[in-house]
Amino acid sequence: MKDRAPHEDKEPHPLLRLVDRQRIPEHVAIIMDGNGRWATSRGLPRIEGHKAGIEAVRRAVSAASDLGVKNLTLYAFSMENWKRPKMEVQALFSLLQRFLSSEADSIVENRIRFRTIGRIEDLPRKNQQLIRKLEEKTRDGEWTLTLALSYGGRTEIADACDALVKEALARGKSPRITAEDVARHLYAPALPDPDLLIRTSGEHRISNFFLWQIAYTEMVILDVLWPDFGEQHFFEAVLDYQRRERRYGGVPAAKGASGPGKTRYAT
Ligand code: FPP
């Protein structure tokens, strides 16, 4: 992360001038993919790709800050990633541990509110402690960086249903569940649905990420491998997003739509 407040001491990237400041996506989510291929193509162990991926995380956070994006969510470790070799999993969590310790001050200085989604209780204890500490320390931050860790979209929906059933049983009523009820029981109910989902490495897959939340999200697939992701890729994705018309299943506004609009369940 950069060691300065946003918008200071640096020439703005030329692409930034093309961005419409009135139409900045409120929530950008990123599936960071391609660390392994980046390393393998250089004859390096996969973990070197993850190390280089951390630099790309810093660039993504910096770009989001320059744009004034209010919410950035990074898919850092899926539930399915537990199936990877033990050594790679351990290395990923020791990188995360280092990241949480070394970036804490910079996260505070950059007025970031740090959050996580996923089954954090699955993580090594030290990671859990650092996460809770950083969440507490940054609770008054102005914009939100969320890391999805031990996260699975299907499990999130199942967990929400489980909570709803428990609530209904406690009240002695049979549940009649609405979409709004489910949304209120997701891991981060106050987080708006992503406006823009970026996936790197050219793969056209969702990989169990934000299954509920991406109903009307605009997707941008980039061919770049995650460790090569730079601020310019973020700006290009936002420019692509701004060229699109979002209709949410309705008709273009000019043709007299009565305003389908974003679905907002969050409190
Ligand atoms: C996907 O690449 C990346 C991951 C599974 C982990 C993402 C982790 C990082 C970017 C580094 C750690 C992050 C933080 C926030 C400390 P892959 O390994 O699936 O690549 P491949 O598809 O080329 O094999």
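## Pairing of E1 and E2

In this predicted model, strand E1 (residues 27–31) and strand E2 (residues 71–78) run parallel and are joined by 5 bridges. Two of the residue pairs can be named. Ile30 has Leu74 as its bridge partner in E2, and Ile31 has Tyr75 as its bridge partner in E2.

E2 is also joined to E4, again in parallel, by 7 bridges. In that pairing, Asn71 stands opposite Thr144 of E4. Strand E2 is largely enclosed by the rest of the structure, because 8 of its 8 residues are buried.

## The sheet as a whole

The sheet is open and consists of 6 strands in the order E3-E4-E2-E1-E5-E6, with parallel pairing. At its edges are strand E3 (112–117) and strand E6 (218–221), each of which pairs on one side only. From one strand to the next, the twist averages 20°. As a general point, the strands of a sheet pair through backbone hydrogen bonds, in either a parallel or an antiparallel manner.

Helix H2 (residues 46–67) packs on this sheet and touches E1, E2 and strand E4 (143–151). The direction of H2 makes about 160° with that of E2.

## Nonpolar core

The largest nonpolar core has 48 residues. Ile30, Ala60, Ala64, Leu74 and Tyr75 are the members that touch the most other members. H2 gives the most to this core, with 7 residues.

Which residues is Ala60 in contact with, leaving aside its neighbours within four places in sequence? They are Ile30, Leu72, Leu74, Phe229 and Phe234.

## Surroundings of the ligand

The ligand is surrounded by 17 residues, of which the closest are Asn35, Gly36, Arg37, Gly53 and Phe99. Helix H1 (35–40), H2 and helix H3 (86–102) are the elements that give two or more residues to this shell. H2 gives the most, with 4 residues. By class, the shell has 9 nonpolar, 6 polar and 2 charged residues.

Asn71 is found in strand E2. Is this residue buried or exposed? Asn71 counts as buried because it has 22 C-beta neighbours inside 10 Å, and the threshold for that class is 20 or more. Not counting residues up to four places away in sequence, Asn71 touches Glu26, His27, Trp143, Thr144, Thr146, Leu191 and Pro192. Among them is Thr144, the residue that Asn71 stands opposite in E4. Asn71 and Glu136 are 65 residues apart in sequence, and their C-alpha atoms are 18 Å apart in space.

Glu88 is found in helix H3. Glu88 counts as partly exposed because it has 15 C-beta neighbours inside 10 Å. Leaving out residues up to four places away in sequence, Glu88 touches Arg46 and Ile47. Along the chain, Glu88 and Arg46 are 42 residues apart, yet a distance of 7.8 Å separates their C-alpha atoms.

## Positive phi angles

Ser207 is a residue other than glycine with a positive phi, near 50°. Ser207 lies in the loop between strand E5 (196–199) and E6. With 16 C-beta neighbours inside 10 Å, Ser207 counts as partly exposed.

Tyr248 is not a glycine either, and its phi is positive at about 50°. Where does Tyr248 lie? Tyr248 lies in the segment after helix H8 (231–242). Tyr248 is exposed, because 12 other C-beta atoms are within 10 Å, and a residue with 12 or fewer is placed in that class.

Methods: Residues numbered from 1 in each chain as written. Predicted model: local features only at pLDDT ≥ 70, side-chain atom pairs only at ≥ 80, totals over all residues. Pairing = 2+ DSSP bridges. Axes fitted to C-alpha atoms, helices over the stretch in contact; angles between N-to-C directions. Contact = placed C-beta atoms within 7 Å. Near = placed C-beta within 6 Å. Nonpolar A, V, L, I, M, F, W, Y, C, P; charged D, E, K, R; others polar. Core = buried A, V, L, I, M, F, W, Y, C linked by C-beta atoms within 7 Å.
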